[in-house]
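Please look over the sequence and the model shown below before reading on. The paragraphs after it are meant to be read with both in view.

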Amino acid sequence: MKCLSQMDSLPDAILQYILSNLTAARDVAACNCVSKRWKESTDSVTSIVFPRNSFESIMETDHSDTIIRKMISSSRRLEKLVVYSPFTSKGLASWMMHVSSSLRLLELRMDNLASEEVIVEGPLKLDCIGVAKNLETLRLWGVLMMSPPKWDMFPNLRCLEIVGARTDDSALCHALRACPNLSNLLLLACEGVKSISIDLPYLEHCKLDFYGPGNSLLALTSPRLVSLDVQGCSWIRVPETRFLKNLSISNLGGRVYMVDFNNLSSLEALSIRGVQWCWDAICMILQQARDVKHLFMKVEFTGNEALQPFPEIDFVEFFNNHPKLQTFDIHGAMFAALCQKNSLKKLETGFAIPYLEEVVITVRSPLNAEQKMNTLESLLKYARGLKRMVIKILQMKSNHSSADDFCDDICKFRHMNEHLVQIE
């Protein structure tokens with residue numbers, strides 16, 4: 001009570017400033033019940049968050065819609081609205097009428113992938129968002145977008161994030177055209193995308209995760225792109241990449257047939273993952289990423305159709321072609337390709353791996369154990385600045401004693417270089 005009395009003695013401006021920092025819907029509602037003065041002061045609240053369990057005791061969604069509308073309509077200028085609790089399209093439409101002009105950030109758990117009844121209603125929720133033309137950030141969870149949303153334009157929108165969506169090419173393209181000034185785009189676990197062309201001149205950070213068989217086609221034109229993360233595409237074309245610093249491409253469900261980047265001279269970090277990549281695609285991206293500093297490679301097989309092992313990769317040529325490499329994480333088949341007999345025959349006086357500081361190697365097979373040990377020793381010998389080598393031994397696919405012998409050799413190698421080498 002003493003604390004409450006002290007709060008009541010505060011000037012209106014200070015009380016409003018304190019209450020304006022509230023965000024949780026329950027806190028705002030509780031302050032409304034303290035006194036008339038407090039209720040009037042909560043109109044300075046600019047941000048309200050409704051967690052998933054906000055209306056657990058209320059059975060009818062229409063009732064929760066009404067409560068949300070009353071709370072947000074009491075704010076003079078609501079700039080941030082986050083709703084994880086269930087709502088209807090009718091409720092959303094009524095909220096947007098009150099806050100569309102002031103709203104800057106909107107985050108909604110749409111929940112319209114659950115049942116046929118909701119699917120019929122779902123697109124209407126997307127349509128309701130279109131009136132908030134001053135949005136700068138839009139985040140949507142669980143979205144059904146099988147028809148183009150009725151969005152005119154979001155001229156101020158800089159960040160669009162959609163997590164969990166069922167859509168098609170035309171609907172998604174239409175939605176992105178309504179957001180021409182995006183600098184950040186995240187599409188995560190999006191199902192139904194087959195072929196999409198994205199043209200966003202101001203885009204800098206992009207993460208695309210297309211859920212499905214892994215055969216999507218992507219064409220992306222964004223001259224300011226700094227970071228790109230793509231999952232689930234077989235064909236990728238990004239013609240303007242001179243500012244690209246971070247690139248990650250993975251396809252866990254299908255093959256990567258083609259990657260087309262005109263200029264990767266600024267690239268600092270590259271990650272390629274997948275079950276199968278065509279060898280031409282791997283060669284192309286490694287040739288263009290000559291100045292890369294951080295390289296992660298986890299690809300199990302190559303081949304255009306049938307699964308094929310990797311061809312030999314020349315040890316000296318590889319590191320000469322990537323002279324700025326600082327960290328190198330290489331798995332299974334790719335490491336085996338570096339460990340061929342002919343690869344180490346070209347070691348010459350003056351050869352060095354000048355900037356390599358950390359290498360992580362995953363070993364899966366005892367085959368060619370001698371060459372693999374020679375390669376490990378060569379990494380220590382020629383990477384004079386190496387600070388850490390981690391060797392990860394997965395369960396060997398062999399019951400032969402050679403697997404035990406190989407593990408013993410690695411343990412001896414670690415013992416002799418314990419200041420640098422770790423085994424996991």
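What follows goes through a sheet, a helix, some single residues and the salt bridges.

The model is a predicted one, in which local features need pLDDT of at least 70 and side-chain atom pairs count only at pLDDT 80 or more, while totals for chains, interfaces and linings use all residues. Residues are numbered from 1 along each chain as its sequence is written, and side-chain values use heavy atoms, with hydrogens and water left out.

Begin with the sheet. Helices and strands here are DSSP runs (H or I of at least four residues for helices, E of at least two for strands), numbered from the N terminus. Four strands form an open sheet in the order β7-β9-β11-β13, and their pairing is parallel. Two strands count as paired if DSSP finds at least two bridges between them. The edges are taken by β7 (195–199) and β13 (258–261); each has a single partner strand, so one side of each has no neighbour in the sheet. From one strand to the next the twist averages 10°; axes are lines fitted to C-alpha atoms, for helices over the stretch in contact, and angles run from 0 to 180 degrees between N-to-C directions. Between β11 (residues 233–238) and β13 there are four bridges in the parallel sense. Arg237 stands opposite Asp260 of β13.

Next comes helix α12. This helix has 14 residues, and the distance from its first C-alpha to its last is 20 Å, close to the 20 Å expected at 1.5 Å a residue. The expected span is 1.5 Å times one less than the number of residues. Ten of the 14 residues of α12 are buried, and the helix is mostly covered. Buried means under 20% relative accessible area, exposed means over 50%, and partly exposed lies in between (1.4 Å probe, protein chains only). Among the buried residues of α12 are Ala369, Lys372, Leu376 and Tyr382.

Another lysine, Lys125, sits in helix α7 (residues 116–129). Is Lys125 buried or exposed? Its relative accessible area is 3%, so Lys125 is buried. What lies within reach of the polar end of its side chain is backbone: a polar atom of the Lys125 side chain is 2.8 Å from the backbone oxygen of Met110 and 3.2 Å from the backbone oxygen of Phe87. Contact means heavy atoms within 4.5 Å. Not counting residues up to four places away in sequence, Lys125 touches Phe87, Thr88, Ser89, Leu92 and Met110.

Phe310 is found in a loop, between β15 (294–301) and α10 (315–321). Phe310 has 11% relative accessibility and therefore counts as buried. Leaving aside neighbours within four places in sequence, its contacts include Trp279, Ile282, Val299, Glu300 and Met334. Phe310 and Met334 are 24 residues apart along the chain, with their C-alpha atoms separated by 6.9 Å.

Side chains of opposite charge can pair when their charged atoms come close. A salt bridge is counted where a side-chain nitrogen of Lys or Arg is within 4 Å of a carboxyl oxygen of Asp or Glu. How many salt bridges does this rule give? The count comes to ten.

One of them joins Glu300 and Arg364, whose closest N and O atoms are 2.6 Å apart. This pair links distant parts of the chain, since Glu300 is in strand β15 and Arg364, 64 residues away, is in the loop between β17 (358–363) and α12 (369–382). Arg364 is partly exposed, at 26% relative accessible area.

Glu305 and Arg255 form another salt bridge, with the closest N and O atoms 3.9 Å apart. Glu305 lies in the loop between β15 and α10 and Arg255 in strand β12 (residues 246–256), so the pair ties together parts 50 residues apart in sequence. Glu305 counts as exposed because its relative accessibility is 52%, whereas Arg255 is partly exposed at 26%.

Glu79 and Arg77 also meet in a salt bridge, at 3.2 Å from N to O. Glu79 is partly exposed at 30% relative accessible area, and Arg77 is partly exposed at 40%.

Glu161 lies in strand β5 (residues 159–167) and is partly exposed at 23% relative accessibility. Glu161 touches residues including Leu138, Arg139 and Leu186. Glu161 and Leu187 are 26 residues apart in sequence, and 6.0 Å apart from C-alpha to C-alpha.

Key
Polar contact = N/O pair within 3.5 Å; in protein donor to acceptor, adjacent residues only side chain to side chain.
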